[in-house]
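Here is a short briefing on one protein. Look over the sequence and the model, then read on.

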Amino acid sequence: MTLPGPTDRPDPERVLAQALRAMAGGGRQTRTDDSSASTRSPLSILQIVLIATILGLLVGMTVGVISLLA
């Protein structure tokens, strides 16, 4: 039986860096083009209309309840 030597153990800094990268949700990223840096697409028009409708309903219901209580 041999004891683990320095070559058998991984570098703690490298292990920590890999764990943090994995927790952040990605590996090494190499940028080839600045235009591809933004992968998240903006909200579509339908999503914006839906959010505005929901907010309008919430504001309307709140004003309606307040007017009934007054």
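Helices (H or I, at least four residues) and strands (E, at least two) are DSSP runs, numbered from the N terminus. On that basis the protein has 2 helices and 0 strands. The model is predicted: local features need pLDDT of at least 70, side-chain atom pairs count only at pLDDT 80 or more, and totals for chains, interfaces and linings use all residues. Residues are numbered from 1 along each chain as its sequence is written, and side-chain values use heavy atoms, with hydrogens and water left out.

**Exposure overall**
- Of the 70 residues in the protein, 1% are buried (buried is under 20% relative accessible area, exposed over 50%, partly exposed in between; 1.4 Å probe, protein chains only).
- The protein exposes about 7100 Å², by the Shrake-Rupley method with a 1.4 Å probe.
- Carbon and sulfur atoms supply 65% of that area.

**Helix α1**
- Helix α1 covers residues 12–24.
- Its 13 residues should span 18 Å at 1.5 Å a residue, and the end C-alpha atoms are 18 Å apart, which agrees (the expected span is 1.5 Å times one less than the number of residues).
- The number of buried residues in α1 is 0, so the helix lies largely in the open.
- G25 follows α1 and has a positive phi, near 95 degrees.

**Helix α2**
- Helix α2 spans residues 45–69 and contains L50.
- L50 counts as exposed because its relative accessibility is 51%.
- Q47 also lies in α2; at 39% relative accessibility, Q47 counts as partly exposed.
- A polar side-chain atom of Q47 lies 3.0 Å from the backbone nitrogen of S44.

Key. Polar contact = N/O pair within 3.5 Å; in protein donor to acceptor, adjacent residues only side chain to side chain.
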